[in-house]
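My notes follow in the order I made them.

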Amino acid sequence: MGRPGLNRRQLLAGLGGLTVAGSFGFAALGTGADALASGADTRVRYWNLFSGGDGYNMIAMLDAFRAHHPGIEVKDSTLQWGNPFYTKLAMAAAGNRAPELGVMHLGRVPGFSPGRLLDPWDTELLARFGVREADFDADLWRRAVVDGRLYALPLDIHVQLCFYRKDVLDRAGLLGPDGRMAPVTSAEEWFDVLREARGATRKGLQTIGLWHNDQNFQWWFFVAFYTQLGGTWFDDANARVTFDTERATRVLQFLRRHLTDGYADPGYGGGAGAEQFVNGAPFVWEGNWSVPVFDSAKAEYGAVPLPPVFGRPATHAESHAFVLPHQAGRGGAADEAAHRLAAYIVRHARQWAAGGHIPAHTPTLSTPAYRALEPQNEYVSAMDHQATEPKVWFAGSTGILAQRVGPIVVSATTGSARPDAAARRMRSELAALLASRNPMDGRTAAEAGDAA
């Protein structure tokens, strides 16, 4: 791949602050030995992090693939979500024990040392199986490309949404003629909406839940609204911080106002308030993965991207993507089967959309089956207005960036820090992270070039 490999000892040393040896050992990674002993001609070991409703939907798609491809045995393993998953995957790739196929959040790919711990996709092989660059959002595809090669195949985008109760908003006169939430175009208009909705809400319920004590959600909301303001993080070379503290302060003041004006209950455990939403609270900001939860509760609700209160539509987006963990001898029938499997799931993502995710395969979005999904058809426009974290090694879902900067956003939202002071602390943390080195390959974001 043009770069020296990592051995397991180097990787364990480099991972440093991640929880590694204490909670699981390298032997716990598994090798798919039961699949290898099954006598199948072609086998694909596939590691993912999908549980709950996502897990059920993924199993259904895998079973459909098995029915259509009886000559390929798929050994799927679901591992613990978050850093434990990424650490296991990195150790397996470094130790030449990697599965043929894996899943990652797209924002974590640059930090996974593409070319060392990830192998590139064969785009010609993917095209043979019906998956082409033209079938994806251009920005989404570019995020998956490192040093000119495709290292991730996007399955979806998952976004932060503004869920609303139609019955409450109807009483408040906030629904449009189409029965959906009337558009909001400014911060003052948004707080007017909250005030009207509060007047139509039963006593004992907050007006909006927004995970005010959660570092990940607060960080995701910040990314969305900072992007709406046109804010940037670093220059094109990832050598200089361009973070705008004035814009950041405006966002932090906006988030804080939800508590100071009494719309979010500071004593409500810091949660998003899904239970209150089910019981009649008018709003909750949550990820699209909450769609099955609210569907099962039979709530009369809708969902739109986070309101464009600063004028420019943008809502936080991440993406689940298929990756090829590094194998020294990658190739042959198993590698071809991994390409076939990933392409099949990407092209048959209607089942995946039932979990609330927006399929990355754009032809799926125009099918009658997808258009009939509610509220998915109400927020599919988020595909065109993605607010993503910067393309640097320390970003991505549950990554170091969220761990370091997310708590600062929480401090401003909950009132333990002034928004302007929090914005300056955020800039300092960004500068420190930009100068730090990726434990996977020892390079700064600037030294990684396009890989960052």
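**Entry 1: helix α4**

I began just past the end of α4. Asn96 follows this helix, and its phi is positive, near 55°. I kept in mind that this is a predicted model.

Then I looked at the helix itself. α4 covers residues 83-94, twelve residues in total. From its first C-alpha to its last I get 16 Å, close to the 16 Å expected at 1.5 Å a residue.

How many of the residues of α4 are buried? I counted twelve of twelve, so I wrote "mostly covered", taking buried as under 20% relative accessible area. Among them are Pro84, Phe85, Tyr86 and Leu89.

**Entry 2: helix α8**

Next I went to α8, residues 187-199. This helix has 13 residues and reaches 19 Å from first C-alpha to last.

Which residues of α8 are buried? I found Ala187, Trp190, Phe191, Val193, Leu194 and Ala197. They span an arc of only 150° around the axis, which puts them on the same side of α8. I reminded myself of the general rule: an α-helix has 3.6 residues a turn, so residues three or four places apart point the same way.

I also checked what lies over these buried residues. The cover includes strands β8 (156-165), β9 (208-209) and β10 (283-287). Helices α7 (166-171) and α10 (245-260) are part of the cover as well.

**Entry 3: Thr315**

I picked Thr315, which lies in strand β12, residues 315-318. Is Thr315 buried or exposed? Its relative accessible area is 1%, and buried means under 20%, so Thr315 is buried.

I then looked for a polar partner. A polar atom of the Thr315 side chain lies 2.6 Å from the backbone oxygen of Gln160. Leaving aside neighbours within four places in sequence, the contacts of Thr315 include Gln160, Val159, Ala224, Pro305 and His385.

**Entry 4: the nonpolar cores**

Last, I turned to the cores. The largest has 79 residues. Leu101, Leu153 and Phe322 have the most contacts inside it. Helix α13 (residues 332-347) gives the largest share of this core, eight residues.

A second core is separate and has 64 residues. I noted Leu229, Val251, Val405 and Leu430 among its members.

Terms used. Residues are numbered from 1 along each chain as its sequence is written. This is a predicted model: local features need pLDDT of at least 70, side-chain atom pairs count only at pLDDT 80 or more; totals for chains, interfaces and linings use all residues. Side-chain values use heavy atoms; hydrogens and water are left out. A nonpolar core is a set of buried Ala, Val, Leu, Ile, Met, Phe, Trp, Tyr and Cys residues joined through side-chain atoms within 4.5 Å. Buried means under 20% relative accessible area, exposed over 50%, partly exposed in between (1.4 Å probe, protein chains only). Helices (H or I, at least four residues) and strands (E, at least two) are DSSP runs, numbered from the N terminus. A polar contact is a pair of N or O atoms within 3.5 Å; within protein, one must be able to donate a hydrogen and the other to accept it, and residues adjacent in sequence count only if both atoms are side-chain atoms. Contact means heavy atoms within 4.5 Å. The expected span of a helix is 1.5 Å times one less than its number of residues. The arc is that of the directions from the helix axis to the C-beta atoms.
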